[in-house]
Structure formats: structure tokens, C-alpha cells
Amino acid sequence: MVQLVGSLRKELADSVSDCNVLVVGAGGIGCELLKNLVLTGFKNIEVIDLDTIDVSNLNRQFLFQKKHVGKSKAQVAKESVLQFCPTANIKAYHDSIMNPDYNVEFFRNFMLVMNALDNRAARNHVNRMCLAADIPLIESGTAGYLGQVTVIKKGLTECYECQPKPTQKTFPGCTIRNTPSEPIHCIVWAKYLFNQLFGEEDADQEVSPDTADPELSWNPADTEARATASDQDGDIKRVSTKDWARSTGYDSVKLFNKVLFKDDIQYLLTMDKLWKKRKAPLPLDWLELQKLGTILEVTGTGLKDQHVLGVAGYSQLFSRSVETLRSMLADKGDGAELVWDKDDPAAMDFVTAAANLRMHIFSMNMKSRFDIKSMAGNIIPAIATTNAVIAGLIVLEALKILSGDVEQCRTIFLNKQPNPRKKLLVPCALDPPSANCYVCASKPEVTVKLNVNKTLVLALQDKILKEKFGMVAPDVQIEDGKGTILISSEEGETEANNSKFLSDFGIRNGSRLQVDDFLQDYTLLVNVIHCEELEKDVEFEVVGDAPDKAPTPPSSQEEQKNFANGNKDSAEPSTSSNAPAEQDDVLIVDSDEEPSSSTMDVSTESGGLKRKLHDAETGEASAKRQRLDQATADDDDDIIALD
């Protein structure tokens, strides 16, 4: 058995040996954390992770080997860690932490919970479960060279949801379909195309030209007659992109010319208004490109994935990937669908080729497969040493808690470079709970602005309560004096209400909804404000919840960096669900002291320096908080907070 002996005083060593801890996540941080825990003397550990091991994990998740690929991360991590300490009592769950089996009573079995997660939904859930169980939670995250650790304790500190998080960047459909101006627009379009052709079709992910583009003031019928993108190719009628593709047998030439890179582009050119102040796109022709087939221009150095091919090379890659994906679909049988996966070579080849061809059409510099994979999957290159440092800091904060010194716990930031005082690690005092938090306040309450005549009960349940407010199984009662049950978590009990509008139940301006999630032991009062006209494509607004954006940074600051949030590999499958990993906010403070982040605020009005860090997928900058109460001599010291 290998572990630290004698480095902890006896009382603390006994506490470490006896306490039960829960580790949520067995990925980049989780592997390092489990190893640290047993070497420190923790004997009673439970670990939960929904994921299985992928080849791409092996370069940084050192509890796994090639022979483990395809197996449960939690189970293999347990077996590997037991080699360090065979007498440890470790229990592994290959499951989602959001499974109702892991209720408040489950969480009360532990003295400490440690998060090593990669998505916001699971973090929100664990945060609420720890608040309900009144168990200390140690939250962590890394992104490249950056990292942070913080402690959450009910009644003493801010909870994970005390500060509003910026929503993930989205793009207007007309930009994606008609007027892409950045590589990410083409990459999103290519991912939409993958789903339209081979996966689950989504009306919100259409790839054909958008005739409802607000920039247009033309007659679609006249333009239709002028366009060359009609059904001249045989007697094919395009009922949907997938149906049309199937009717051609997924003929890559027809897909290339008719749907994607020639006829649809010619159709876009007929939308005259779009090209008054923009450079018009240039259609591609399959036959002309094949004449260049032997001239496969390659630029870039290094690994093959970092090369950029010429347009002829990408046309051939497009053809090969379509054929491979067609075969994969056929092997699955009738009605089957493929699921986008950044680690599937054929899917990645398809998106790389389609996105680059579209970039060329719209006069953008094409990108390497490596770059496109990074943007398509919200990937931050994972740094094994960052995970190791953060995992070590988690254990140090855990020792403070077990010593009864919660007041000595800190939020600790790991920076990319030492600040002027030669520090890579900068501690900040923990903030007290926010009085306005809709999760940990004594009586959580929010106000939602929506159109009661257009909002369906199903939208209230799925988009507002589950997606926005992070509930798992909400029950909703209208405060109308009758106790009307609008939504029940019991299957089928209120299913008939889903297709009705809120106004059908007497909900109007000023109505109040009592919402309960018994799994999370969480109650929320929702005040409804009726609004006839919201902004375009906005279904609802949470009043007072939108984070402000930081001003554009001075040009003298260092080049902006692209990164997404996560515990390691933001785009890997979620530990808690099959939802895609989500970009969280990045917070920056200029300080070398030990500030309290309660002195930080989100502001567009303040004049202090703020550095904007770009969203890895969108290239847009995330909102930041800055400490405003004092200016120090070390203005350029950066503290970067990752959720």
C-alpha cells in the first residue's frame, strides 16, 4: 500500500480515513483526484460517471489504458486506484448523477462531494442536491492551462448558481443559411447538414437558403422562377433534404451540385439585396473541380490533421465521406439514424470537407481538420498537468473542511503565467450567498416575461423549467385559489395539458406559479409577466437575469485566447447526460491580493480594464466580472474563473 503516512496530524488523519466522499466524474480531473484521495488516506470513496473510455482519453486520463477502451470510466478508475491502496473501500457507479435514484438521502451519506464535471446541467443539479442535503461541495474546472477550485457550503458561501451564466452563443438561421461571415458559421452549417442527411432532422437546423431573411425585400415567387436551383435533375421532388438525398442513393455528385455548393449558391445569388454590401459567393462545379483532382494543394506543417487541403482535395474528401456515411447508415437498417460524434472519423471528414467548401465559396480562409474539430466540438486542448494541479487543490480544500476550518477555504485560480509577484495560484476569499439567487435564497423567486397566448405548457416545462432553471422533474401548481395542477411529474397525469397555451388555464399578467422538484428538494415561485411582443426568436426572458457584456478590451492587451469551459475536455460526452457539453462563462479579475469576489460585478459601465476571452465555438467574447472596489498596483494580474 502506498499512501502518505505521518504528514497529517492524528485527528485529521482519522477524519480522512473515516469520512465518506462522493466524486462526480472520472475524467481528466476525476482520475487525478481519485489517485490523490487514496494516496492522502481517504478510504471510503464513491465515484459516479456515465461515460465509457475513448482512445482520445488516454493521453491525459492516466488511470486508463488501451485495453480499457469502451469500458466504464468509473469502474476502471476504481480498479486502477485500488492498486495504490487495496484496502480502500471504493464503490463505482456507471450511471448519471441526475438519475432519481441518487436523491437527497443518497447525498446525505457523504461528508464531502467533489465535482469533476464537464457540463453546466450536471453542475447545477449537484449544487442543488448538496444544498438540500447540507453537504459541502468542492467545485472545479480547467480549460487548457487555466483552472479553478472553489468551495460551496449552504448558508456560508455563494452556490454555483448565485451568479447568472451567459447563455451559449447562437446564430440567426439566416446567417447560417444565407450570409456566413465567419468559419464557425460554416462549421455549424456543416453539422446541421450532417443531421439533415444522416441523423435526426430538425426544422431549426435547415441548410437551404432562407427566403424569410429579414434583409430581403423581394418577391420569393419571382426569384424562384429566375433561380436555376429548380428540380431540373430528373423528376426528383425535394420533400426534405434527407428524402431527396435517399432518392438519389446519396449520390455525392448530385448532393454537391444540386443541394450544396452549386445550385443553392446560385439561388442565393438571386437574392440581390444580400450582396449590395457583401462579397457575393462563388458557386462550385463538380466537374471543373475534378479536372484539378491530381493537384491536391496542401498547406501547413506538422501532423496530417493540421494540414489544409485545396478546394479539389476537399471535394474528393466530401465524396468519400458521403459514401462511408451512406454505408454506415445502410448497415443500421431502415429508419436508422447516425449521431454526430467528433471522434467518428467519417463524420469529422464530412464536416471538415463541407465546412471548408462553404468557406471557400464565401471567400474565407479554409481551416485544418484539427481546427474544425476544435470549433465543432467546443474543444479546449486538455493539459494533463493542469488537471493534476487542480485535483491537488481540491484535496487541500477538503482537508480544510475536515479540519473544521471552512472559513479558511478559498476560491483558487490557476493562471497560465506567473503574475508580477511570481504567483501562478491566486486565492480569493469565498463570497457569501446572494440574496437574489433563485436557488439558495430562503424563498427562491423569479420573474419570467412571456406571451401567455403563445407559450405552450410543454414549452414552460422543457424550455423554461428544465432547460433554463435546471429542474429534472418539475410539478407546477397555479396560485389561482383552486390549486390547479398545470404540470405533474407523474407520467401521463397532465400530458393532455402539454399542447395548450398558458392562457387556456387562466394564466395572465401577474399570475404566480408554485414549482416544486422533489428530487432536488427545490421549490421556486415563478411570477409571470405577459408581453405581447418579445424580441425576434425570443420565447421568454428572465427579468433581471441577463449578464452584461464587458467592453472591448484595449488593443494593448495580449492577443485574445479561445477556450471553452469544462473540467478537461469540454466536448467529451457529458458525465451526467447525453446532452452536448456546454460553454460556461469566464470571469476575469485584475488582482494580486486576496479579494472577495463579492466585490466583483458584471458591468458595462465601469471604466476598469477587462480582458475578453473568446468563446471557443463562436469566437464571441463571454461576459466577465471584474473587481471594482479597489485598484492595485498590479493591474495586469489575471484571475480567470471557470465554471
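Hi everyone, let's start with one arginine: R369 is buried, with a relative accessible area of 16%. Please keep in mind that this is a predicted model.

So what does the side chain of R369 meet in a salt bridge? The partner is D349, with 3.0 Å from N to O. R369 sits in helix 15, residues 369-376, and D349 belongs to helix 14, residues 345-361, so the pair ties together parts that are 20 residues apart in sequence.

Staying with charged pairs, let me show you K342 and D343. These two form a salt bridge whose closest N and O atoms are 2.9 Å apart. Is K342 buried or exposed? K342 counts as buried, at 10% relative accessibility, while D343 is partly exposed, with a relative accessible area of 25%.

Next, please find K153 on your screens. K153 makes a salt bridge with D134, and here the closest N and O atoms are 2.9 Å apart. Which parts of the chain does this pair tie together? K153 lies in the loop between strand 6 (146-152) and helix 6 (173-177), and D134 in the loop between helix 5 (120-133) and strand 5 (137-143), so the bridge links parts that are 19 residues apart in sequence. K153 is buried, at 16% relative accessible area, and D134 counts as partly exposed, at 39%. For the whole model, the count comes to 17 salt bridges.

Now over to the strands, and to strand 4 in particular. In a regular strand, as you know, side chains alternate between the two faces of the sheet. Strand 4 covers residues 112-115, and both of its faces are covered. On one side we have L112 and M114, on the other V113 and N115, and all of these are buried.

Who are the neighbours? Strand 1, residues 20-24, runs parallel to strand 4, and 4 bridges join the two. If you'd like a landmark there, V21 stands opposite L112. Strand 4 also pairs with strand 5, again in the parallel sense, over 2 bridges. The landmark for that pairing is M114, which stands opposite I138 in strand 5. How does the chain get from strand 4 to strand 5? The chain crosses through helix 5, and this β-α-β crossover is right-handed.

To leave you with one picture, go back to M114: this residue is buried in strand 4, and it stands opposite I138. Thanks, everyone!

Notes: Residues are numbered from 1 along each chain as its sequence is written. This is a predicted model: local features need pLDDT of at least 70, side-chain atom pairs count only at pLDDT 80 or more; totals for chains, interfaces and linings use all residues. Side-chain values use heavy atoms; hydrogens and water are left out. A salt bridge is a side-chain nitrogen of Lys or Arg within 4 Å of a carboxyl oxygen of Asp or Glu. Helices (H or I, at least four residues) and strands (E, at least two) are DSSP runs, numbered from the N terminus. Buried means under 20% relative accessible area, exposed over 50%, partly exposed in between (1.4 Å probe, protein chains only). Two strands pair if DSSP finds at least two bridges between them. A crossover is right-handed if, with the strands pointing away from the viewer, the path from the first strand over the helix to the second runs clockwise.
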